[in-house]
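Good morning, and thank you for coming.

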Amino acid sequence: MAGLPPYASTGQRLWYWSFRAICVAILFFLIVPILVIIPLSFNAEDFFTFTKGMLALDPDAYSLKHYQDFFTNSDWQQALWNSVRIAPVATLIAVVLGTVAAIGLSQPHVPFRGAIMAILISPMIVPLIISAAGMYFFYSRLGIQGTYLGVVLAHAALGIPFVIITVTATLVGFDRSLVRAAANLGANPVRTFFKVQMPLILPGVISGALFAFITSFDEVVVVLFVGSAQQKTLPWQMFIGLREQISPTILAVATILVGISVLLLTTLELLRRRSEKLRGMSPG
Amino acid sequence: MSEANAPMLAADGRPLKKSLQRALRAQKLRALLLIAPLLLFILLSFLLPIGDMLFRSVENQIVPDTLPDTVKDLSEWDSESGNLPDEATFQALYFDLFLAAEAKQHSRLGSRLNYERPGISSLFRSTGRRLDDLGEQYQDVFAGFDPSWEDAGFWFRLMSAQGDDDAARDVLGAERNRVAKLTGIDTGGDIGFVPSATMAELLPRTTREYTAFAVYTVKDKNDVVAEEEPWESVYAALGLDLEAADPSAIAAYSGPGAEVLKAAALQAGQLPVIDYRQAMIDIDEGWGQESNWQTLKLYSGEYTNGYLLNAIDMQKTPEGPELKPEKQRIYIKLFLRTMALSLAITFLCFLLGYPIAFLLATLPLRTSNLIMILVLLPFWTSLLVRTASWKILLQQQGIINDLLVWAGIISNSGRLVMINNATGTIIAMTHILLPFMILPLYSVMKTIPPSYMRAARSLGATDWTAFWRVYFPQTVPGMGAGAILVFILSIGYYITPELVGGTSGIFISNRIAYHISTSLNWGLAAALATMLLVVVLALYWIYDKIVGIDNVKLG
Amino acid sequence: MRMRLLLGAAAVVLVPAAAGMAIAQDIPPCEDCADSMTVISWGGAYQTSQQKAYSEPYAAETGTSFTWDESSNEAVAKLRAMFEAGNVTWDLVDVEGPDSQRLCDEGLAMEVDIDEILAPAPDGTPASEDFGDSLINDCFIPQIVFSTTFGYRTDVAAWNGKEPEDLCAVFDLENFPGKRALEKRPKKNLEWALLCDGVTKDELYDVLSTPEGVDRALAKLGTIKDQVVWWSAGAETPQLLADGEVVMGSTYNGRLFSVIEEQHQPVKMLWDWQVFDFDGWIIPADLPEERLNRVLNFLYFATDTQRLADQAKYISYGPARASSQPLVGDHAELGIPMAPHMPTNPDNMGNYLVNNIEWWADHQDDVEARFQVWLTQ
């Protein structure tokens, strides 16, 4: 697929280009819902529709009022603040517990490894509505339903499978003789972990942390059940914006979030290229 | 002989085998210690909550807790005899319901039974409102005998124990338990009242009802027993006790209030003779309908399979479980639809994901990483936003329809309906789940050396044969992984079908949410969740067998 | 000249001060009261109207901090779970009449003596008389009367200039083709279907109480089923109407007011056979003393004659007190008189129903199940 050889037949050429066209169409399908919301977030009306004025590119049909609403409305600001308060803490819990457990799981001879793994991954597999309902009733009994702690615990549980998956994946390629070498050279296990093991599995940990973070930051079903007004997160406010009051402010929020995602993904890609160059690997 | 068979020794002189075993044990222990905190965390924050909820699908404590004596009596009743239960059952019902109504628990029981028998909730509500009348008939007569009967202090002295007594403590313990089960409040601790053992023997029913009254008054209302006039039900109990009492035993009584009690016993003939069956039917004719009693009996156990049967469109009848009438069957259909739509979504994800994964795996790294960003961007965009966006795109006055009309493909009046139905759900969910198909496919395709295809071609295969016979079979594990993952995630989906599914595009999860927050039938919600979970776990197990959980790849 | 200027300045200063004093007078002193409250409501314009008319003036005077939660839709479920756990975090809950009935029946809401806790009308009429029929049970503290009714687009080409005049236009696909928005629940829809199938108001619930009656209503709804978009949140119909996705649809009258008068969409009201409901407060049972004191103090203020009338400045729902009706003025921002937009305005009440709470409490589970089956068919 890496380029068309000069001797390709007509049929091959045709297939080559139609395959490309199909792929472009699919990528378009992936990206178009995200592209659509960007212009709509500048809508001067309070509805989710392209107005005639917008299609005619009339400047009056566009406005920044939904952005203004997001930055001035106390509900949205509170929701943003709650998300910022909840997601990192949930991520931290998931990453610390998850990484330690992943290291345990990657030791040779772990009894019941399959069963343990299945349990640790289950929060990703069990339908969210079931998890949400279960936590709702159980956390109520513990008195942590509707508290910050409850939401953080719930989100940490949902983020853990991602940490386990990504960290165990990096540990598969981990050469255990490095640990033994460190021990031979007199390092204690803690020092070995931070000086030898951690730097090598760091990419897996970071990627797991990102997944855990986005899980919490984008999660709406569980927080609707487990949270209360004081823990209203950004997705929760967006859900209300969609269902109860149809507020296009969510499009402005979405555009901002998409912008951040693009920045983040591009930065990661640039960092990766830079590190490849540094390590002398081919730029591909 | 023994020399040759002697075990090999390690450096410290222990047998090598043992030494190795010990090392292995230590290793296992260390691994488990590392895993333990997380396992404990998941257990507490995730597994126990789910177990707790699933338990609700069989739990039925509310019936025996609210009507303990009635349920006991009903177990003797033959529900197909064509007769109503006996007088004792009706009496038990009166006293059970009276306490329940005081504690405002009767209508909760009504709502619970209404799930099984429509209309029964009003029976409980209207009965609860009119229970006082029956006791008042006695109350008035007793007040006529002696005004003391209307004095809270007199009652307290009459019923209180003189000393410490085991029999009296039993009565108190039983009533504490009864009130605790009914209301869920903690009824332990001092209540400033201990029933008298003499009274428990002389006037058993009165003692029980007065003690229940005392426990509830102190523990729920925070009042003082000696200052509260007893409930009407206590008068009714006294009436029944005096009718049944042995006159000589009462004559022999000499404790507090003996004169007033003896006078009342002598005049017992003037007490109204109440047929409790007729009285209850007068309160609400529903108590005269056998079918209501049958429902009560069917659901009288502490545990029930009723919710689970309901979740598969069946119902309990006196003759055993049977299918519901056609007009009420819904869940099997919803399960099947959830499966069918999920299959369609999985297939579409495969159809769209395969070319992209192939492209990613064959393009140079630099280009493929750019495309990867396009794949990951939706993944990182809020689910709600993507769903809202599909709403904007797909609606009848939406962008796609506008474009189609503009291009002349459809007429303005023939705009396509692509939202608020199954189509909307399929399109939006395919979009949302597509990355979960692309990523595992991509990770498998990356490992297939391009030389295989070249080799096939150089051996004379056409492009198609090379792909189909050589490349494709090697991608099957990736397909399996992606397909099962997408399918599992899909059948549990809730938000997207809720927002774009209309009526024909909703999933079983939406019904679960509906029963939790709208109809409040938590037992049925739990039963449906149990069924869904069984399906998901079965698939999960298959996934583990085929792919291995370790092989889930995320980018 | 100078004198007049001074007078003018004094008047400017005096007006807010007088308003402030009036508010302060309406709030009795609060002893042993919590300094914050968690209030549950419906979100949207309705919640805003409550904040503007009740909580903002109250907070300005007393310094109480308010937390609002848009959970009224799930109020019964959440309260039940809170009681099961013995940890009630809500102080005051805005619910519809039927939900208040359920909460009251189950002992989850506190029973209140209206005359004891609420202010009398300015002329001394006791609160219970002033609220009258809206006191539907012992726990309910009424606020507003709202109705569920229809709105339609005025620019539908296929209608050839005709406009719907009565409810049955909803079922008339021949003269009024196009999609309709109806709530994804049987309540109200079944009543409307029967009314348009020749059943009179008096016989309505007798007919519905029979299985055949429900079948008949569903059959009538079946005639338009493939033209119906089902909504579950009150905001959907205004959006659908504004987008032109539907040509007519049912929703709460206040939502339609907003789409017509505030958003200036080509939409009109169809008041025929509007269904009245009450909406009001309940206090969760067994609140701790301090929190309860704060709630009662707030309620005394928030349900008085003036405050209920004030709320109507922001949304077109009728105040539940008779004494508030004459005080209903103009919209706070648009400046248009609100009285003609009230569901209780005599001009809008030619035909109407009142939500039959008792009947639905009994038949909800059964009819709802049948409705859902019918929907999936």
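A patch here is made of residues with over 30% relative accessible area and no salt bridge, where like charges are joined within 9 Å and nonpolar side chains (Val, Leu, Ile, Met, Phe, Trp, Tyr) within 5 Å. Accessible areas come from the Shrake-Rupley method with a 1.4 Å probe, and for residues only the protein chains shown count as cover. A salt bridge is a side-chain nitrogen of Lys or Arg within 4 Å of a carboxyl oxygen of Asp or Glu.

This is a predicted model, in which local features need pLDDT of at least 70 and side-chain atom pairs count only at pLDDT 80 or more, while totals for chains, interfaces and linings use all residues. Residues are numbered from 1 along each chain as its sequence is written, chains are lettered from A in the order in which they are written, and side-chain values use heavy atoms, without hydrogens and water.

The nonpolar surface patch consists of B:L40, B:L43, B:L44 and B:L48, which together have about 350 Å² of accessible area. B:L43 belongs to helix α2 of chain B, residues 16-55 (helices are DSSP runs of H or I, at least four residues; strands are runs of E, at least two). B:L43 is partly exposed at 38% relative accessible area (buried is under 20%, exposed over 50%, partly exposed in between).

A patch of negative charge includes B:D133, B:E136 and B:E229; Asp and Glu count as negative, placed at CG and CD respectively. B:E136 sits in helix α8, residues 132-145, and is partly exposed at 32%.

Finally, chain C has 14 helices and 10 strands, and 59% of its 377 residues are buried.

Definitions and conventions. Buried < 20%, exposed > 50% of the residue type's maximum accessible area, 1.4 Å probe, protein only.
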